[in-house]
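Work through the exercises below with the structure open beside you. Try each task before you read its solution.

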Amino acid sequence: MRRILLWIGCWFLMVGVWAQDLQPVQLNPHTKVRGVSVMEAFQNRQFLRDYRSEDLSLQDLSDLLWATYGINRENGKRTAPTAQNSQDVDVYVCKAEGVYLYDAANHMLQPVLAQDLRPMIEGGRPTGAPVCILLISDMSRYKDYGPDSKHLKHYYKMGAVDCGIVSQNLSLFCAGVGLATGPRAGMDQEGLRKALNLKESQHIWLNHPVGYPAK
(Lines give C-alpha, C1' and ligand atoms only; values in the text may rest on other atoms or scores of the structure.)
Protein backbone atom coordinates (compact mmCIF):
# COMPACT_ATOMS: atom_id res chain seq x y z
CA MET A 1 0.00 0.00 0.00
CA ARG A 2 2.81 2.35 0.90
CA ARG A 3 4.50 1.62 -2.43
CA ILE A 4 1.25 2.33 -4.28
CA LEU A 5 0.82 5.66 -2.52
CA LEU A 6 4.43 6.53 -3.25
CA TRP A 7 3.95 5.67 -6.94
CA ILE A 8 0.77 7.75 -7.11
CA GLY A 9 2.56 10.68 -5.47
CA CYS A 10 5.43 10.43 -7.97
CA TRP A 11 2.97 10.22 -10.86
CA PHE A 12 1.19 13.42 -9.78
CA LEU A 13 4.56 15.13 -9.36
CA MET A 14 5.55 14.17 -12.91
CA VAL A 15 2.22 15.33 -14.28
CA GLY A 16 2.71 18.63 -12.46
CA VAL A 17 6.09 19.06 -14.12
CA TRP A 18 4.72 18.20 -17.56
CA ALA A 19 1.80 20.59 -17.02
CA GLN A 20 4.12 23.54 -16.55
CA ASP A 21 3.84 24.46 -20.22
CA LEU A 22 5.70 27.46 -21.51
CA GLN A 23 3.65 30.25 -23.00
CA PRO A 24 4.53 32.33 -26.08
CA VAL A 25 6.22 35.62 -25.25
CA GLN A 26 5.37 38.72 -27.28
CA LEU A 27 8.55 40.76 -27.58
CA ASN A 28 8.62 44.55 -27.54
CA PRO A 29 9.16 46.52 -30.75
CA HIS A 30 12.89 46.97 -31.20
CA THR A 31 14.46 50.24 -30.15
CA LYS A 32 15.72 52.06 -33.23
CA VAL A 33 18.10 54.42 -31.44
CA ARG A 34 20.36 53.07 -28.69
CA GLY A 35 23.94 52.12 -28.01
CA VAL A 36 27.26 53.50 -29.18
CA SER A 37 28.58 54.05 -32.72
CA VAL A 38 29.59 51.10 -34.87
CA MET A 39 33.28 51.91 -34.44
CA GLU A 40 32.90 52.13 -30.67
CA ALA A 41 31.15 48.75 -30.70
CA PHE A 42 34.16 47.26 -32.47
CA GLN A 43 36.41 48.92 -29.90
CA ASN A 44 34.35 47.45 -27.05
CA ARG A 45 33.93 43.97 -28.50
CA GLN A 46 35.45 41.25 -26.30
CA PHE A 47 34.66 37.81 -24.89
CA LEU A 48 33.25 38.40 -21.39
CA ARG A 49 32.92 35.38 -19.08
CA ASP A 50 31.51 36.87 -15.87
CA TYR A 51 27.79 37.62 -15.69
CA ARG A 52 25.27 38.84 -13.17
CA SER A 53 22.51 36.32 -12.53
CA GLU A 54 19.62 38.75 -13.07
CA ASP A 55 17.47 38.09 -16.10
CA LEU A 56 17.58 40.31 -19.16
CA SER A 57 14.82 42.90 -19.34
CA LEU A 58 12.17 42.23 -21.97
CA GLN A 59 13.35 45.27 -23.94
CA ASP A 60 16.98 44.15 -23.92
CA LEU A 61 15.98 40.64 -25.01
CA SER A 62 13.69 42.07 -27.70
CA ASP A 63 16.42 44.32 -29.11
CA LEU A 64 19.02 41.56 -28.86
CA LEU A 65 16.97 39.11 -30.92
CA TRP A 66 15.95 41.66 -33.52
CA ALA A 67 19.57 42.78 -34.00
CA THR A 68 20.74 39.16 -34.11
CA TYR A 69 18.36 37.90 -36.77
CA GLY A 70 15.23 40.00 -36.99
CA ILE A 71 13.33 41.18 -40.05
CA ASN A 72 14.46 44.64 -41.15
CA ARG A 73 12.67 45.05 -44.50
CA GLU A 74 9.14 44.71 -45.81
CA ASN A 75 10.26 41.89 -48.12
CA GLY A 76 10.95 39.71 -45.08
CA LYS A 77 14.73 39.75 -45.30
CA ARG A 78 16.81 39.71 -42.14
CA THR A 79 19.48 41.71 -40.36
CA ALA A 80 21.95 38.93 -41.33
CA PRO A 81 22.35 37.58 -44.88
CA THR A 82 22.15 33.86 -45.63
CA ALA A 83 23.16 31.80 -48.66
CA GLN A 84 20.38 31.75 -51.28
CA ASN A 85 18.36 33.85 -48.81
CA SER A 86 17.54 30.45 -47.32
CA GLN A 87 17.09 31.95 -43.84
CA ASP A 88 18.41 28.62 -42.62
CA VAL A 89 19.41 29.80 -39.13
CA ASP A 90 17.18 29.12 -36.14
CA VAL A 91 17.77 31.09 -32.94
CA TYR A 92 16.92 29.13 -29.80
CA VAL A 93 16.66 31.07 -26.53
CA CYS A 94 17.49 28.93 -23.49
CA LYS A 95 16.47 30.22 -20.07
CA ALA A 96 15.88 28.80 -16.60
CA GLU A 97 12.21 28.04 -17.30
CA GLY A 98 12.85 26.42 -20.67
CA VAL A 99 13.65 26.83 -24.34
CA TYR A 100 12.02 29.12 -26.89
CA LEU A 101 12.42 29.55 -30.65
CA TYR A 102 12.67 33.10 -31.96
CA ASP A 103 9.80 33.74 -34.39
CA ALA A 104 11.10 36.71 -36.36
CA ALA A 105 7.98 37.09 -38.49
CA ASN A 106 5.90 37.84 -35.41
CA HIS A 107 8.79 39.03 -33.21
CA MET A 108 7.82 36.48 -30.57
CA LEU A 109 9.32 33.65 -28.55
CA GLN A 110 7.59 30.38 -29.32
CA PRO A 111 7.80 27.71 -26.58
CA VAL A 112 9.79 24.58 -27.39
CA LEU A 113 10.66 22.74 -24.18
CA ALA A 114 10.01 23.34 -20.47
CA GLN A 115 13.52 22.34 -19.42
CA ASP A 116 16.64 24.28 -18.51
CA LEU A 117 19.23 23.24 -21.09
CA ARG A 118 21.85 25.78 -20.04
CA PRO A 119 23.90 23.20 -18.05
CA MET A 120 23.97 21.00 -21.17
CA ILE A 121 25.17 23.97 -23.21
CA GLU A 122 27.76 25.27 -20.77
CA GLY A 123 29.02 21.96 -19.39
CA GLY A 124 32.06 22.38 -17.16
CA ARG A 125 32.36 26.09 -17.99
CA PRO A 126 29.26 27.64 -16.41
CA THR A 127 29.04 31.42 -16.68
CA GLY A 128 25.88 32.06 -14.69
CA ALA A 129 24.39 33.87 -17.70
CA PRO A 130 20.57 34.05 -17.55
CA VAL A 131 20.26 33.41 -21.29
CA CYS A 132 22.06 31.08 -23.66
CA ILE A 133 21.46 31.49 -27.38
CA LEU A 134 21.83 28.46 -29.67
CA LEU A 135 22.47 29.04 -33.38
CA ILE A 136 21.29 26.12 -35.51
CA SER A 137 21.35 25.81 -39.31
CA ASP A 138 18.74 23.75 -41.16
CA MET A 139 20.13 22.62 -44.54
CA SER A 140 16.69 21.53 -45.74
CA ARG A 141 15.90 25.20 -46.46
CA TYR A 142 18.48 25.37 -49.25
CA LYS A 143 17.31 24.94 -52.81
CA ASP A 144 17.56 21.41 -54.21
CA TYR A 145 18.29 19.97 -50.78
CA GLY A 146 18.08 16.21 -50.44
CA PRO A 147 19.90 13.45 -48.54
CA ASP A 148 21.65 12.42 -51.76
CA SER A 149 22.27 15.93 -53.08
CA LYS A 150 25.74 16.54 -54.52
CA HIS A 151 25.65 19.91 -52.74
CA LEU A 152 25.39 18.53 -49.19
CA LYS A 153 28.97 19.38 -48.22
CA HIS A 154 28.54 22.88 -49.60
CA TYR A 155 25.27 23.40 -47.73
CA TYR A 156 26.90 22.14 -44.54
CA LYS A 157 29.69 24.70 -44.89
CA MET A 158 27.33 27.51 -45.78
CA GLY A 159 25.25 26.76 -42.68
CA ALA A 160 28.38 27.33 -40.60
CA VAL A 161 29.04 30.61 -42.41
CA ASP A 162 25.45 31.79 -41.96
CA CYS A 163 25.53 31.03 -38.22
CA GLY A 164 28.86 32.86 -37.99
CA ILE A 165 27.35 36.00 -39.52
CA VAL A 166 24.39 35.86 -37.13
CA SER A 167 26.84 35.37 -34.27
CA GLN A 168 28.67 38.55 -35.28
CA ASN A 169 25.41 40.51 -35.21
CA LEU A 170 24.76 39.27 -31.69
CA SER A 171 28.30 40.06 -30.53
CA LEU A 172 28.32 43.58 -31.94
CA PHE A 173 24.92 44.39 -30.49
CA CYS A 174 26.11 43.31 -27.05
CA ALA A 175 29.29 45.35 -27.40
CA GLY A 176 27.27 48.35 -28.46
CA VAL A 177 24.81 48.34 -25.55
CA GLY A 178 26.99 47.02 -22.73
CA LEU A 179 25.86 43.39 -22.54
CA ALA A 180 28.27 40.52 -21.99
CA THR A 181 28.62 37.60 -24.42
CA GLY A 182 31.05 35.44 -26.34
CA PRO A 183 30.62 32.78 -29.06
CA ARG A 184 31.41 29.19 -28.09
CA ALA A 185 31.33 25.90 -30.01
CA GLY A 186 31.78 23.47 -27.11
CA MET A 187 28.55 21.89 -25.77
CA ASP A 188 26.78 18.57 -25.40
CA GLN A 189 25.78 18.27 -29.03
CA GLU A 190 24.19 14.83 -28.81
CA GLY A 191 22.24 15.66 -25.65
CA LEU A 192 20.94 18.89 -27.15
CA ARG A 193 19.93 17.19 -30.39
CA LYS A 194 17.85 14.66 -28.46
CA ALA A 195 16.33 17.22 -26.10
CA LEU A 196 15.33 19.53 -28.96
CA ASN A 197 14.30 16.67 -31.26
CA LEU A 198 16.36 18.08 -34.12
CA LYS A 199 16.15 16.73 -37.66
CA GLU A 200 19.10 15.21 -39.48
CA SER A 201 19.32 18.36 -41.61
CA GLN A 202 19.77 20.60 -38.55
CA HIS A 203 23.25 21.34 -37.20
CA ILE A 204 24.16 23.16 -33.98
CA TRP A 205 27.08 25.47 -34.66
CA LEU A 206 27.46 28.02 -31.86
CA ASN A 207 26.14 29.10 -28.50
CA HIS A 208 26.24 32.50 -26.84
CA PRO A 209 25.76 33.07 -23.11
CA VAL A 210 24.25 36.56 -22.74
CA GLY A 211 23.75 38.72 -19.68
CA TYR A 212 24.74 41.84 -17.80
CA PRO A 213 28.49 41.97 -17.05
CA ALA A 214 29.47 41.23 -13.47
CA LYS A 215 31.77 44.24 -13.32
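The exercises go from the whole chain down to single side chains, in a model that is predicted.

**Exercise 1. Describe the fold and overall dimensions of the protein chain.**

Solution. 
- Step 1: Count the elements. The protein chain has six helices and seven strands.
- Step 2: Along the sequence the pattern reads α-β-α-α-β-β-β-α-β-α-β-α-β.
- Step 3: Box it in. Along the principal axes, the C-alpha atoms fill roughly 70 × 50 × 35 Å.

**Exercise 2. Find what share of the protein chain is buried, and what its surface is made of.**

Solution. 
- Step 1: Buried residues account for 44% of the 215 residues.
- Step 2: The chain exposes about 12000 Å², and 56% of that comes from carbon and sulfur atoms.
- Step 3: Look at contacts between residues at least 6 apart in sequence. Of these, 72% join residues at least 24 apart.

**Exercise 3. Check the span of helix α5 against the expected value.**

Solution. 
- Step 1: Helix α5 covers residues 152–177, which makes 26 residues.
- Step 2: At 1.5 Å a residue, the expected span is 38 Å.
- Step 3: From first C-alpha to last, the helix reaches 38 Å, close to expectation.
- Step 4: Look past the end. G178 follows α5, with a positive phi near 90°.

**Exercise 4. Which residues of helix α6 are buried, and what do they pack against?**

Solution. 
- Step 1: Helix α6 spans residues 189–196, and its buried residues are G191, L192, R193 and L196.
- Step 2: Recall the helix geometry. An α-helix has 3.6 residues a turn, so residues three or four places apart point the same way.
- Step 3: List the neighbours. The buried residues of α6 pack against strands including β2 (89–95), β5 (131–138) and β7 (202–211), and against helix α4 (118–122).
- Step 4: Just after α6 comes N197, whose phi is positive at about 55°.

**Exercise 5. Examine the salt bridges D60–R34, D55–K95 and R184–E122.**

Solution. 
- Step 1: Start with the total. The structure holds 10 salt bridges.
- Step 2: Take D60 and R34. Their closest N and O atoms are 3.0 Å apart. D60 is in helix α3 and R34 is in the loop between β1 and α2, so the pair ties together parts 26 residues apart in sequence. D60 counts as buried because its relative accessibility is 12%, while R34, at 33%, is partly exposed.
- Step 3: Take D55 and K95. Their N to O distance is 3.1 Å. D55 sits in the loop between α2 and α3 and K95 in strand β2, 40 residues apart. D55 is partly exposed at 39%, whereas K95 is buried at 9%.
- Step 4: Take R184 and E122. They meet at 3.0 Å, N to O. R184 lies in the loop between β6 and α6, and E122 in helix α4, 62 residues apart. R184 is buried, at 6%. E122 is buried too, at 7%.
- Step 5: D90, D138, R141 and K199 are joined by salt bridges that share partners.

**Exercise 6. Locate the nonpolar surface patch that includes F42.**

Solution. 
- Step 1: V38, M39 and F42 make a nonpolar surface patch of about 360 Å².
- Step 2: Classify F42. With 48% relative accessibility, F42 counts as partly exposed.

Technical notes:
Residues numbered from 1 in each chain as written. Predicted model: local features only at pLDDT ≥ 70, side-chain atom pairs only at ≥ 80, totals over all residues. Heavy atoms only, no water. Patch = residues over 30% accessible without salt bridge, like charges linked within 9 Å, V, L, I, M, F, W, Y side chains within 5 Å. Areas by Shrake-Rupley, 256 points an atom, 1.4 Å probe, with all protein chains shown as cover. Salt bridge = Lys/Arg side-chain N within 4 Å of Asp/Glu carboxyl O. Buried < 20%, exposed > 50% of the residue type's maximum accessible area, 1.4 Å probe, protein only. Helix = DSSP H or I, 4+ residues; strand = E, 2+ residues; numbered from the N terminus. Expected span 1.5 Å × (residues − 1). Contact = heavy atoms within 4.5 Å.
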